Structures are given as structure tokens and as C-alpha cells.
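Please open the model in your viewer and display it as a cartoon. The stops below give a selection each time, followed by what is to be found there.

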Amino acid sequence: MDDLDFEGYTCPVPIRRTDTVILGHGSGGTLSRDLLNRLFLPELGKAAPRALDDSAVVTIDGQRYALTTDSHVVSPLFFPGGDIGRLAICGTVNDLAMVGAQPVALTCGFVLEEGLSFDLLQHVVASMKAAAQEAGIFIAAGDTKVVQKGGADQLFINTSGMGKIPEGVNISGANAKEGDVIIVSGTIGDHGIAVLSAREGLGFETTLESDVAPLNHLIQAMIEAGEIHVLRDPTRGGLATSLVEISEQSNVTIELNEQSLPFKPAVKAACEMLGFDPLYVANEGKLVAFVKESDAHKVLDVMKKAKYGEDAAVVGRVIGTGKSQVRLKTAIGGTRLVDMLPGEMLPRIC
Amino acid sequence: MKYLDEYRDPIKVKTLLREIESAVTKNWVIMEICGGQTHAFLHNGLDAMLPPQIELVHGPGCPVCVTPLEQIDRALAIASHPDVIFTSYGDMLRVPGSSKDLFAVRAQGGDVRIVYSPLEAVQIAEANPDKQVVFFAIGFETTAPANAMAVLQAKNKNIKNFSVLVSHVRVPPAMEAILGSKTNRVQGFLAAGHVCAVMGFHEYPPIAEKYRVPIVVTGFEPIDLLNGLLAAVKQLESGQAVAENQYQRAVKFEGNESAQRTIRSVFQSTDRKWRGIGVIPQSGWGLSPEFQEFDAERRFDVENIFTQESSLCIAGEILQGLKKPPQCPAFGKQCTQQSPLGAPMVSAEGACAAYYRYHREAIYG
């Protein structure tokens, strides 16, 4: 085996630059960020300094309003615990609530594929109505487009929304402070694994349900209980990606405690099997809050008594400023870094 | 969770670390063969908790990392065919070939699908008789039985539109290649537990004896890894060099004989090129003659695609433990997880990816 080139071997692959959009650009992780930074923000984002928060904040005659928009493309349309309709309402309500706004009204745009059954659409609309009632908002306007068969995958829904930000509330990903206590509102990764298990081909079944839910009432109670600096709903890219974003926006070092992270056993088991890290799995009815240290107990108590906050837990804290980093204290007592999701999450080989 | 929590117990971890500390008196270089073990060390922050005398080097046991570039180029050529449904394990999709990866093929209209089991690919072939369904059969001894089973099923069901692009590699020849190299630094091995669950570890005692290295079959949880290290250190300190089994709950000496029979019925031993290392004689499996009809390389006439690998990253030196990822000049600069230069940065099990994700601080401070 003398000709084996162990010494001088220099590897292989040329730098990859995609000149087309790939699915990973929609994963919510660093590829999504690249797309924003490379294309959208330079052209369209100049007037939106808070473009990286869940909602924009616009001030009109001294009153601050939150504005946001979100397009929903989920397969399958109906999954355990929810459907695209509930998702479309809750996603936008939550994005508004994450800057401390009280959501007021939503608009919705439907892209329908030719051949979609009325029955299915009726179910989705009924689900939207129920979610809107639960959140206490109304649908102010809507639009419908139909594309020919193959032009879309059954049904896409865009929702946009606006809400009012009360005086004295100042919540942003850029507001994390040293000492802040980090609280999550419940078990992590339920939505992503529930949707995954409903897809064909993964060969496992769970009784797990998506956590998709409107969180505005929970947030209202939290704001009344204490000083909240940051709120975010860790959707695509999961908790890890949200925390890395916040650490960058606020330029702080975050320490997470692996042992305090709440997971459902089914989520943990599915992730072990597939080789996923549950920190990167999507949530739709969860939030992560950075709370002023002295108010953390009060806020946690209020959360635990509120709907959708029963399993809330303290998972970490902000341990320093001047360096954006997320560290994890592992269950066995080690420390490692936590990064954003690089692209699409892929099941491993073995 | 049973079978996991008891192997992640922080108190047991502390006890084992103390035992290793008291056993070690000299500096030792120990290679964990499998990429899954590398990730378990770094994911748990365990590597930084070890006594400084133990240097871990990260072995070539990452199937995505060692699959040669030309095999990926062949996959890309096949997957771009309009009549083909190309199926693969998930993390193979992100590995760049010479010009693009399977994600890019999919974005350009190719039908590329992630499957969790090769048997799903056979089902896809049954459900789509007007399409050619190809499965990218890569991996070590761990994936070989299921991949062989897919070929057997296709043959038994007389499914004509199914084929496999095979790039199977085996661990023991790679260990011998590393040990036989003039630059070898490895003094002991943690052998890959999952590979041994299939193959047993009867191939290891002769290697341990010939090269005078301890080989400890080791699992993937923190307690497994520490028990494996402790056993290896004890052997090294006492001048022993034998093959032993830390992973007894999963591994028998003779392995899973029914799985081995399945492998032997479909595959035969062959020379294989390892990305970053070169051709290692008799280091892999290919389809045996009676299964040639399932060979995608023949069916799609891609046998003559040969790719010259260009020179940028140092995957070869990393894959056989000569250097650590941060010693590569491209690491974290031109080479990141978003635009990987080399396969070890791509795969979830690659050593560079593990360092990039969990250890960047060590490099940037």
C-alpha cells in the first residue's frame, strides 16, 4: 500500500456557490440568512432596521404598530394537532405578539391549485375561523388566486397582520441584557416531529401532536407580570437558531443548560432515531423569553398558570455582553457551542 | 429514556474520568474510528473533559466523507436523467460533486428523494414502473445488510426498474492502511460499535497483534466512550495490545451472522477508492456477478466518469488523524458548513463539521 497518499493529500471539492434557490434557503437557518443578506435586505430592507425581528414596528402619530407577514406552505395540509389554516393564523398572531403587540387584524391571501376540493378548503377556513376567535382578532381583508394544476401544491396561504404596541413595552431581539433569565414556554420540537411523522416514508408513527397555538394571551399575562426584554417564537430553525440570532442582535453570550430543556420523550426518541438535534426542530406554539432577572420568578409563575405555558421552564441566562455566542452546558457537565441550522435538516446515514 | 439516560449519567461520567486520570501516566494518541463517536465526544463536550495526556484523533469512519468525488459525480449524472427517481440517505444530498450537489439537481428539476431505508426505494420502484429508480448504496458495514436486502427484494420480486449505485467500504482494511502508513501516530483504537454489531470483532485480534495496538469495540454514549478509553489506556499503560469489547450490550464476537450472510449473498470484496486517502485494496464491497443487472453504473453508462480531485482542503490528513480540523488553513474561512470545501465539513458525522459546530471558540477565541 505504498502508493497511498496519506501525507500530501489535499482534498477535493470546489467552493459551492448555488446560482439557484434550493430548499435549504427556506430552512430558517444560515442559508435563509444568506439569502436575506445577499439579495433582499440590500435592495428592500434599507428602511427596516428591525427586519430581523418577528415583526416590524411602525410609528404613526406617536402610536407604535407592529406589522408582519408570513406565507404558509406545509405538507401535509392536515397534521396531528393542526392544519395549514390554524398555522396561518397562529403564525402571524405570534409574530405580532413577539414584539409585545396586541394583535388587532389580519389579512389573508390564498393561492389555490386547480382541482382542490371545496370540502378540504372548507375545513381549512373553519380552522382559521376558530383560531382567529381564540386569538381574539378579526380577518380584515382577503384575496384568492387560482393557479393551474401543478402550479402550486394544493394550497398556500399568506397572512399579514397588524397590532398595537402599548406604551412602555419595548421588546426586541436586540434588547437582551446581561443577567436576563431565559424561559421557554413548554416542550421543544413537538411541531416539527409531529409534521415529520405525518409525512410518508419515514416509517414511524407517534401520538405526538403539533403545538400550533396563538400565544398572544400568554404574552399579555407575561408583560403584566414583569419586564420582558426579548420574545421570539422558535419556528423554522428551532430554538438554537432563534437564540443564535438573539445573541447576534444583542451582542451577548448566552448559556443554556441542557438538563433543563423540556422535551417530550417521543420527540427525544424520534430525534435520536433520525439523528436530529431537537434544538433545531420547529415549534409553532412556543416562545422563548428573556426576562429581567428580578422578575423571572413572577413571570414563570404566571406562565405556568396560563394556557400554553403550563410546561414553562428556565433554560438558561445571559452571562455576558460584547461577544455574541450561545454555549450549552451539556447534561454530563461539558460545554459546547450552539450554532444556527446550516441548511435543511437531514436524517443521517447510520 | 431507557438505554440512553443511564449512559449519560453525569455522576458515572465523573467517576470514569477520575479512573482514566489515575490510570494514565504517559501521553497517548487514540483514534475513534467512527464519525458518530467523534460527534458524541464533541456534542457532549466530553473531549475537553479528558486528561491532557490523551489526544483523540478522528478516524475515517464517516461514510459521507470517504465516498469518492467521482462516485458523487456519477450520482449527479444519473440523478439528472429525466426518467430517474434518485433515492439516497439524507446527508448524501449536501455533498458537493465537481460542480454541484444533489440539492442543486433537485432544484433544477431532478427527482431526488431522501429515503430512510433502501427498502423504501424498492417500494418507490414498484409504485413507479415507468421510471428508473436508483438507490445510492453507500456506507460501511452498518448500511450494507439493508442495502443488500433491497437488491435481494428487487430480484425476488422481479423488479426491473431498480438499481443501486454502490460505494461500500469496510473498516478493518482502513485501520490496516492507517497503521501501515509511515506517518502513523495512532497507538490505540476505539472501534466502531455499530459496525461490530453487524460484523462482530473477529477481524480485530490479528490486527491488534500484528501492529501491537489495543482495539476496544466501543459504543456511542458518553459512558461507552469513557469505558472504551479507560480500557484502551489500561492496555497501553500495561503494554498490552488485544481486541476487547466494551459494547457488549450490542456486539457479539461473531456479530450478526444472518446480516453477514445477506451481505455475502449480494456483495463481493473489491478495491475501493477512499476520498482523501486513495485506493485501498479489498477495502469495499461491490455487487457480485449474479447481481450485475442491478448495477446503476452499467445501466446508466457512468462507469467512465473519473474526476480529478483538486487541491484545497486537507481532508486526507484529517481523515487519518494526522491533523486536526483547525490546523487546516481553510477551516472556518473558505470552508464552512454553508459552503463546504471538503466532505468532512459536510456530513453530520464529519470531523470538520463537528469542530465547526461545537468548537469554533477554540479557534477564534
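Select the seven strands that form an open sheet of chain A, in the order E9-E11-E8-E12-E10-E13-E14; their pairing is mixed. Strands here are DSSP runs (E) of at least two residues and helices are runs (H or I) of at least four, numbered from the N terminus; two strands pair if DSSP finds at least two bridges between them. At the edges are strand E9 (228–232) and strand E14 (335–337) of chain A, each of which pairs on one side only. From one strand to the next, the twist averages 25 degrees. Such angles run from 0 to 180 degrees between N-to-C directions, with axes as lines fitted to C-alpha atoms, for helices over the stretch in contact.

The model is a predicted one, in which local features need pLDDT of at least 70 and side-chain atom pairs count only at pLDDT 80 or more, while totals for chains, interfaces and linings use all residues. For selections, residues are numbered from 1 along each chain as its sequence is written, and chains are lettered from A and ligands numbered from 1 in the order in which they are written.

Within the sheet, select E10(A) and strand E13 (residues 325–329) of chain A, which pair in the parallel sense over five bridges. A:Leu256 is placed opposite A:Leu328 in E13(A).

Helix H8 lies across strand E8 (181–184), strand E11 (288–291) and strand E12 (313–321) of chain A, and runs at about 5 degrees to E8(A).

Phi of A:Asn251 is near 55 degrees, a positive value in a residue other than glycine. Is A:Asn251 buried or partly exposed? A:Asn251 is partly exposed because 14 other C-beta atoms lie within 10 Å (20 or more would be buried, 12 or fewer exposed, and partly exposed is in between, with C-beta atoms placed from the backbone).

A further positive phi, near 65 degrees, belongs to A:Gln154, also a residue other than glycine. Select the loop between strand E6 (138–147) and strand E7 (155–165) of chain A to find A:Gln154.

A:Pro76 sits in the loop between strand E2 (63–72) and strand E3 (78–79) of chain A.

Finally, display the whole chain. Chain A has eight helices and 14 strands, and 48% of its 350 residues count as buried.

Notes. Two residues are in contact if their C-beta atoms, placed from the backbone, lie within 7 Å.
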